[in-house]
Amino acid sequence: MSSPGTSVFTNFTKLCKGLALVLVVGHLVVQFIPATIPYLALIPARTIPFAWNLITSGYFELSVYGVVFSTVSLLFMGKFLEPVWGSKEFLKFIFVVNFLTYLCVFVTAIALYYITRMEIYLYMPFAGFHGVLAGLLVGIKQIIPDQEVLLLKIKAKWLPSIMLILSIASSFFTLDSAAYLPTLIFGTYMGWLYLRYLQRRPETKLRGDPSDDFAFSSFFPELLRPIIDPIALIFHRMLCGRSNVTSEDHDYATSGAPLPGSDSAEASRRRERGARALEERLATERMVPAKSKDELPSDALDSV
């Protein structure tokens, strides 16, 4: 029988294993056949005839370090998120966030070229799974915001913010920051946008997470939230419609009962489900052999 600690590195989901294999195979293809890079990577000057690279660019890494980090991160984060979301929703999240991230990177690169007239923005290859990984971190923030990450002793709700701060800071000391920083920024934002407004919740047939704990300002320190909230409200009304926001607020205030999808109902239930899955996972790893048959299997993320 394996020791309790070994389960940290086991029980990865089949879907995540398959996606990890795609990343590894994609890396091997571009390493052994470099001529495929212009057809698979996002090169803004070539995207108009090769529009499929808005999708393919996210599923391979150009460096060995990149493919190792991406596969390991995917396996561990997917180990927790996929059982909570479901395989279909997990795969849909990855596809949508990847596509929207690289679409924004393409538009940004074209805009930067017209502003600076520097052709590097047109011919720089953009590729990598790190945009989706940034979005998955937002999923961790949503499900278990107050759970401390093992070893780091940092609450999960701050992981996306810390990742972006470190990435922006490191960009001042590296020459190739333009190849990854926009992807991380847009991946984080698109992940939040999808979970905030688009993700369908089977238990209510509604979409999104309207809770205050998952507002855009929750990525920032408390001191900045009074400044961020009015700005974020503008984009919220653009996406949802002013009448929708007003009617929801009115119904909530007049009825005195929480709406389906409100913070006190669905958002808190989602967090409880995620925390329960994590607790079951930790209990499974620490259980003695005599209790092993009584525990329910559950996939969860022990470290990020």
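Trainee: Where does S73 lie?

Mentor: S73 lies in helix α5. A helix here is a DSSP run of H or I with at least four residues, a strand is a run of E with at least two, and both are numbered from the N terminus. This is a predicted model: local features need pLDDT of at least 70, side-chain atom pairs count only at pLDDT 80 or more, and totals for chains, interfaces and linings use all residues. Residues are numbered from 1 along each chain as its sequence is written, and side-chain values use heavy atoms, with hydrogens and water left out.

Trainee: Why is S73 called buried?

Mentor: Buried means under 20% relative accessible area, exposed means over 50%, and partly exposed is in between (1.4 Å probe, protein chains only). S73 has a relative accessibility of 14%, so it counts as buried.

Trainee: With which residues is S73 in contact, neighbours within four places in sequence left aside?

Mentor: They are G78 and L133. Contact means heavy atoms within 4.5 Å.

Trainee: What makes two residues an aromatic pair?

Mentor: The rings of Phe, Tyr and Trp (its six-membered ring) pair if their centres lie within 6.5 Å; planes under 30 degrees apart count as stacked, over 60 as edge-to-face and the rest as tilted. By this rule the count is 14 aromatic pairs. One of them is F12 with F76, at 5.3 Å centre to centre and 80° between the planes. Because 5.3 Å is within 6.5 Å and 80° is over 60 degrees, this pair is edge-to-face.

Trainee: Which parts of the chain does the pair of F12 and F76 link?

Mentor: F12 is in the segment before α1 (14-32) and F76 is in helix α5 (residues 64-85), so the pair links distant parts, 64 residues apart. F12, at 17% relative accessibility, counts as buried, and F76, at 12%, is buried as well.

Trainee: How do you know that Y189 and F216 form an edge-to-face pair?

Mentor: Their ring centres are 5.8 Å apart and their planes are at 85°. Y189 lies in helix α10 (residues 181-198), while F216 is in the loop between β2 (206-207) and α11 (225-240), so the pair ties together parts that are 27 residues apart in sequence. Both residues fall in the middle class: Y189 is partly exposed at 29%, and F216 is partly exposed at 26%. Y189 and F216 also belong to one aromatic cluster with W192, Y197, F219 and F220.

Trainee: What makes the charged end of K141 sit over the ring of F219?

Mentor: The rule asks that NZ of Lys or CZ of Arg be within 6 Å of the ring centre and within 35 degrees of the ring normal. The charged end of K141 sits over the F219 ring, 4.6 Å from its centre. The charged end of R46 likewise sits over the ring of Y39, at 5.7 Å from the centre.

Trainee: How many residues does the largest nonpolar core have?

Mentor: It has 47 residues, and L74, W85, F90, I94 and L136 have the most contacts inside it. Such a core is a set of buried Ala, Val, Leu, Ile, Met, Phe, Trp, Tyr and Cys residues joined through side-chain atoms within 4.5 Å. The elements giving two or more residues to this core are α1, α5, α6 (87-116), α8 (130-143), α9 (159-171) and α10. Helix α5 gives the most, with nine residues. A second, separate core of eight residues includes Y102, F106, A109 and F126.

Trainee: Why is the link of D146 with K157 called a salt bridge?

Mentor: A salt bridge needs a side-chain nitrogen of Lys or Arg within 4 Å of a carboxyl oxygen of Asp or Glu. The closest N and O atoms of D146 and K157 are 3.8 Å apart, so the pair qualifies. Both D146 and K157 lie in the loop between α8 and α9, 11 residues apart in sequence. D146 is exposed at 51%, whereas K157 is partly exposed at 25%.

Trainee: How many salt bridges does the structure hold?

Mentor: It holds two. R225 and E222 also meet in one, at 3.0 Å from N to O. R225 is buried at 19%, but E222 is exposed at 58%.

Trainee: Why does R117 count as exposed?

Mentor: Its relative accessibility is 54%, which is over 50%. R117 lies in the loop between α6 and α7 (120-123). R117 has a positive phi of about 60° although it is not a glycine.
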